[in-house]
Amino acid sequence: MMTLLRRGRPVLFLAVLVCTACARGEGPSAELSDTHYEVAEAEAREVLDQTVALIQAGRVREVCMSGSSSRPICSDTEVLARAPANQPAPTVLSSRRQLGSDCSADGRVLVITGVDAVGGSFTSEFHVSRLPDGTLTSRFPVYWFHNSGITYPGYCG
């Protein structure tokens with residue numbers, strides 16, 4: 001082991017060790033420095049636009065089934081009936097990077113607001129993550145449903 005000393009203290013060695021560990025993504029901020037699965041706001045907006053286009057084209061069930069967390073609610077006719085197929089696209093209020101948890105992977109969250117098919121307003125979060133192959137996906141693309149207060153097994157909304 002090499003020890004670099006300045007006035008008898010290993011200051012330089014410690015600084016080099018910390019910087020090297022952070023650069024490799026192994027330091028205390030590893031989850032913040034690893035950008036492999038990071039999703040840019042523009043990418044998340046593109047996924048939202050594609051999802052909205054499918055809803056407006058009447059492909060609600062397909063959108064519902066595409067998300068791993070939304071599948072349990074796809075048989076609920078009330079949820080599907082509220083799909084905003086004839087409404088304008090939701091408005092993005094804000095965007096933030098999301099670190100993974102039990103209910104979500106690393107990615108980007110768009111906070112959106114809009115009107116559902118029966119005229120009810122909603123404000124919800126549209127989460128977009130990157131799969132290991134680089135594909136972007138939304139785990140819960142049923143964006144008009146999040147704040148309805150209804151929960152289902154496996155639902156993390």
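Author: Let us begin with T91: leaving aside its neighbours within four places in sequence, T91 is in contact with V111, I112 and T113. This is a predicted model, in which local features need pLDDT of at least 70 and side-chain atom pairs count only at pLDDT 80 or more, while totals for chains, interfaces and linings use all residues. Residues are numbered from 1 along each chain as its sequence is written, and side-chain values use heavy atoms, with hydrogens and water left out.

Reader: What makes V111 a contact of T91?

Author: Contact means heavy atoms within 4.5 Å, and V111 is listed among the residues that T91 touches in this sense. T91 itself is found in strand β1. By C-alpha positions, T91 and G114 are 6.3 Å apart in space and 23 residues apart in sequence.

Reader: Why is T91 called partly exposed?

Author: Buried means under 20% relative accessible area, exposed over 50%, and partly exposed in between (1.4 Å probe, protein chains only). T91 has a relative accessible area of 45%, so the residue counts as partly exposed. A105 also counts as partly exposed, at 38% relative accessibility.

Reader: Where does A105 lie, and what does A105 touch?

Author: A105 lies in the loop between β1 and β2. Beyond its neighbours within four places in sequence, A105 is in contact with Q98, G100, H127 and S129. A105 and S138 are 33 residues apart in sequence and 9.9 Å apart in space, C-alpha to C-alpha.

Reader: How do you know how many helices and strands there are in the protein chain?

Author: Helices (H or I, at least four residues) and strands (E, at least two) are DSSP runs, numbered from the N terminus. In the protein chain there are five helices and four strands, and their pattern along the sequence is α-α-α-α-α-β-β-β-β.

Reader: Which residues of α3 are buried, and how do you know where on the helix they lie?

Author: The buried residues of α3 are A44, V47, L48, T51, V52 and I55. Seen down the axis of α3, these buried residues fall within an arc of 135 degrees, so they line one face of the helix. The arc is that of the directions from the helix axis to the C-beta atoms. The buried residues of α3 pack against α4 (60-66), β1 (91-98), β2 (107-115), β3 (121-130) and β4 (136-137).

Reader: And which residues are exposed on the other side of α3?

Author: Those are A42 and D49. A42 has a relative accessible area of 57%, so A42 is exposed.

Reader: What makes C64 and C74 a disulfide?

Author: A disulfide is a pair of cysteine sulfur atoms within 2.5 Å. C64 and C74 have an S to S distance of 2.1 Å, and a disulfide joins them. The count by this rule comes to one disulfide. C64 lies in helix α4 and C74 in the loop between α4 and α5 (77-81), so the pair ties together parts that are ten residues apart in sequence.

Reader: What makes a set of residues a nonpolar core, and which members touch the most others in the largest one?

Author: A nonpolar core is a set of buried Ala, Val, Leu, Ile, Met, Phe, Trp, Tyr and Cys residues joined through side-chain atoms within 4.5 Å. The largest nonpolar core has 25 residues, of which L48, I112, F126, V142, Y143 and W144 touch the most other members. Two or more residues each come from α3, α4, α5, β2 and β3, and the largest share, five residues, comes from α3. Leaving aside neighbours within four places in sequence, the contacts of I112 include L48, F126 and Y143.
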